[in-house]
Amino acid sequence: MPTTDRTVQLRKGVLELAILAVLGREECYSIEIIERLDAFPALTATPGTVYPLLARLDKAGLVATRWVEAGGGPPRKYYRLTRDGRASLAEGATAWAALSSEMTEILGEGLS
Amino acid sequence: MTDEYLRAVRAHLARLPEADRSRALSALSAQLDELAAIGADPVEALGDPATYAADLLEALAEESPTDSAQWRVLGLPVETRGPVSAEVRSRTWDPANPSLVVPRLFGIGWTLNLGAVAVRMGLIRPDDTDDEVLANVPEGHLRAAQAVPIAIAGATAAGLALVWRGLPATVASGFDVGGRSRGDAPRSTLLAALALGVGPALWAQRRDAAVEDRLVSAASATSLATISAGVVLATVAEARHPRGRWGLLVPAALPVGAAASLAVVVGPLRAGLRRAWRGAAPETSTPMPTTEPS
């Protein structure tokens with residue numbers, strides 16, 4: 001599916017939630033997060049978008065980090081959700097479900 | 001009532017860039033006019049001005065990232081907050097931002113994002129720098145980084161003092177693109193060029209600032225001290241051996257200044273990283289739970 005400008009605009013608001021969702025499944029380092037998002041074409045994000053978001057989530061206390069040795073290279077920084085991050089993910093998922101359902105309804109009405 | 005509300009909100013928006021503030025106030029003014037037309041009380045409709053302003057600041061914070069200039073004039077970024085805002089200064093060290101150039105900290109135009117340069121050179125990764133790493137930067141490395149601009153500015157001042165008596169009453173007022181003198185100015189103008197390096201170097205000696213700001217300030221001061229040294233050296237050389245292309249020393253100082261300021265930040269940060277890595281978990285260790293226990 002091509003990533004259109006409209007997709008990019010809509011994605012801006014949900015990328016942070018998508019990152020929380022990725023980390024909700026497993027602890028990841030940054031490149032892994034980008035790869036996980038890459039599996040969803042509409043959510044594909046450049047490192048220039050993901051790194052500032054990770055920094056913001058870290059500052060907000062929604063994710064925690066730790067260094068893990070990596071064979072043949074410098075240690076990698078792994079990200080995981082904090083309790084606040086888990087709560088934010090749940091809250092975001094609820095808000096997204098409501099928004100998505102209502103948008104589907106209103107778009108359906110608009111297109112019919 | 002409407003004007004009073006608008007004034008109260010404006011008073012709380014002082015830290016917003018002018019463009020954002022004026023856009024927000026213009027929208028609020030229109031909204032207040034609509035409320036006035038139907039006889040509604042703005043405080044009842046929008047809440048008290050302080051809370052409304054706080055909500056606006058939060059909403060606009062996302063749209064005013066620190067890599068955005070305060071103003072734009074004819075498309076050029078204009079900034080004045082660099083000397084007073086650590087947040088603005090941090091744009092010159094932002095590894096998470098892939099842009100190599102960002103608006104200058106003071107004045108018109110752009111400057112280098114040393115963080116992006118360090119990432120492109122493979123010296124660090126975009127998410128390497130965090131509070132833990134900054135806390136691990138040894139104090140000795142921080143002080144050494146802060147000593148760099150003062151050493152360069154001090155050496156420039158000492159060199160100028162040594163040759164001062166032998167200088168003619170007038171020196172080059174500037175240089176053309178070919179590096180030749182453009183005219184004459186009193187030799188006291190050399191003191192202004194010297195101050196360009198000494199002032200920021202002294203200012204960068206603060207030890208009560210946050211670690212990142214100490215490094216960023218030292219890097220900026222190093223860059224300015226190197227340019228100041230280049231200008232002083234070129235002017236003195238022109239005075240002593242006229243008709244050369246000594247002005248080319250000034251552009252030559254730019255990459256030297258950039259390299260020196262990069263070293264001033266990256267050196268201590270890598271020392272902090274190495275210390276943080278000592279606590280790294282083995283690769284084969286049990287993965288942490290996806291949520292912290294507490």
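Contact here means heavy atoms within 4.5 Å. The model is predicted, so to speak of a local feature takes pLDDT of at least 70 and side-chain atom pairs count only at pLDDT 80 or more, while totals for chains, interfaces and linings use all residues. Residues are numbered from 1 along each chain as its sequence is written, chains are lettered from A in the order in which they are written, and side-chain values use heavy atoms, with hydrogens and water left out.

**Exercise 1. Which residues does W93(B) contact, leaving aside its neighbours within four places in sequence, and which core does W93(B) belong to?**

Step 1. Start with the contacts of W93(B): among them are N113(B), L114(B), I124(B), E212(B), V265(B) and L269(B).

Step 2. Now turn to the core. A nonpolar core is a set of buried Ala, Val, Leu, Ile, Met, Phe, Trp, Tyr and Cys residues joined through side-chain atoms within 4.5 Å; buried means under 20% relative accessible area, with a 1.4 Å probe and protein chains only. W93(B) is in the largest such core, of 24 residues, and is one of the members touching the most others, together with W67(A), V265(B) and L269(B).

Step 3. Helix 11 of chain B gives this core its largest share, eight residues. Helices are DSSP runs of H or I with at least four residues, strands are E runs of at least two, and both are numbered from the N terminus.

Step 4. The core lies between domain 2 (71-120) and domain 3 (131-277) of chain B, because both give residues to it. These bounds come from an automatic or database domain assignment.

**Exercise 2. How many residues of chain A are in contact with chain B, and which residues form the salt bridge?**

Step 1. Count the contacts: 29 residues of chain A meet 28 residues of chain B.

Step 2. Look at the area. About 2300 Å² is buried between the chains, 50% of it on carbon and sulfur atoms; this is the accessible area (1.4 Å probe) that two parts lose on being put together, summed over both.

Step 3. Find the one salt bridge between the chains, meaning a side-chain nitrogen of Lys or Arg within 4 Å of a carboxyl oxygen of Asp or Glu. The partners are K77(A) and D130(B), with their closest N and O atoms 2.9 Å apart.

**Exercise 3. Is R66(A) buried or exposed?**

Step 1. Locate R66(A) in strand 2 of chain A.

Step 2. Its relative accessibility is 15%, so R66(A) counts as buried.

Methods:
Buried < 20%, exposed > 50% of the residue type's maximum accessible area, 1.4 Å probe, protein only.
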